[in-house]
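Dear colleague,

I am passing on the structure we spoke about, with notes on what was found in it. Please read the notes with the coordinates open beside them.

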Amino acid sequence: MQFTSEQRLDDGVLEREFTLGDIPGTLWTPASAPVPLILMAHNNGLPKAEPRLVARARYTAACGYAVATIDAAGCGVRPRSAADEQARGRLRRAMQAGEPVDDIFESFIGPLVENAVPEWRTTLDALLDLPGIDGPVGYSGWTALGIRLAVLEPRIAAAGLFAGGYVPLAQREEARQVTIPLLVLLQWDDEGNPRQRALDLFDAFGSKEKTLHANLGGHTGTPWFEREDGDRFFGRHLK
């Protein structure tokens, strides 16, 4: 892992850009150490510098966690194949037209999840070798990726997920294998995530401790206070 830049923010959080092979990432750490680690994954296609993600990461780091995000294969600034770009276009047009999207979604998002998981695990290995970062580890963000990591990665102790109506079939089946504590956020009027599918997915999780917070509003309307509730959730399980 090579750090390429750093800046100290007003709240004392240190923000550092890094590269790990071909993987670009950002790490935020508070002044205190050692601290637990939270992996914060953006939804497919968004860059790690997306303002909503950065604001959430900075807030979480200021609450006493190391927070890391990456642009995994096919995400953010990473190169995309022509086939991926075509699939994104078909998916977008089908959703705008109100046409069925399941087949397009499966062929596009399924491989994206599978390709992202090894890079996140490699990043986790490198992060836990850094001074001042200790376990346990939490996960926050993209639901499909979070399910896959929770099943494969025993170091993840708790996860905060953004309820996904569109989650590949493989991950919907794996949801029953997820047993770590979960906090799931659902935007009730999210035009891009079918509500009933999100509720069915929550029901499928095998965790004995799982909490669903549903708020009115569209995809980007998650209330600010959910960050505070997220801090309390991770505080119970990581500190």
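**Charge, fold and one serine**

The protein chain carries 25 positive and 32 negative side chains, and the centres of these two sets lie 1 Å apart; here Lys and Arg count as positive and Asp and Glu as negative, with His and the chain ends not counted, and each charge is placed at NZ of Lys, CZ of Arg, CG of Asp or CD of Glu.

Please bear in mind that this is a predicted model, in which local features need pLDDT of at least 70 and side-chain atom pairs count only at pLDDT 80 or more, while totals for chains, interfaces and linings use all residues. Residues are numbered from 1 along each chain as its sequence is written, and side-chain values use heavy atoms, with hydrogens and water left out.

The secondary structure amounts to 7 helices and 9 strands (DSSP runs numbered from the N terminus, helices being H or I of at least four residues and strands E of at least two). Of the 239 residues in the protein chain, 51% are buried, meaning under 20% relative accessible area with a 1.4 Å probe, protein chains only.

S140 lies in strand 6, which covers residues 133–142, and this residue is buried, with a relative accessible area of 8%. Its side chain makes a polar contact with the side chain of R56 at 2.9 Å (a pair of N or O atoms within 3.5 Å, where, within protein, one must be able to donate a hydrogen and the other to accept it, and residues adjacent in sequence count only if both atoms are side-chain atoms). Setting aside neighbours within four places in sequence, the residues in contact with S140 (heavy atoms within 4.5 Å) are I38, L39, M40, A41, R56, G160 and F234.

With kind regards

How values were computed
Buried < 20%, exposed > 50% of the residue type's maximum accessible area, 1.4 Å probe, protein only.
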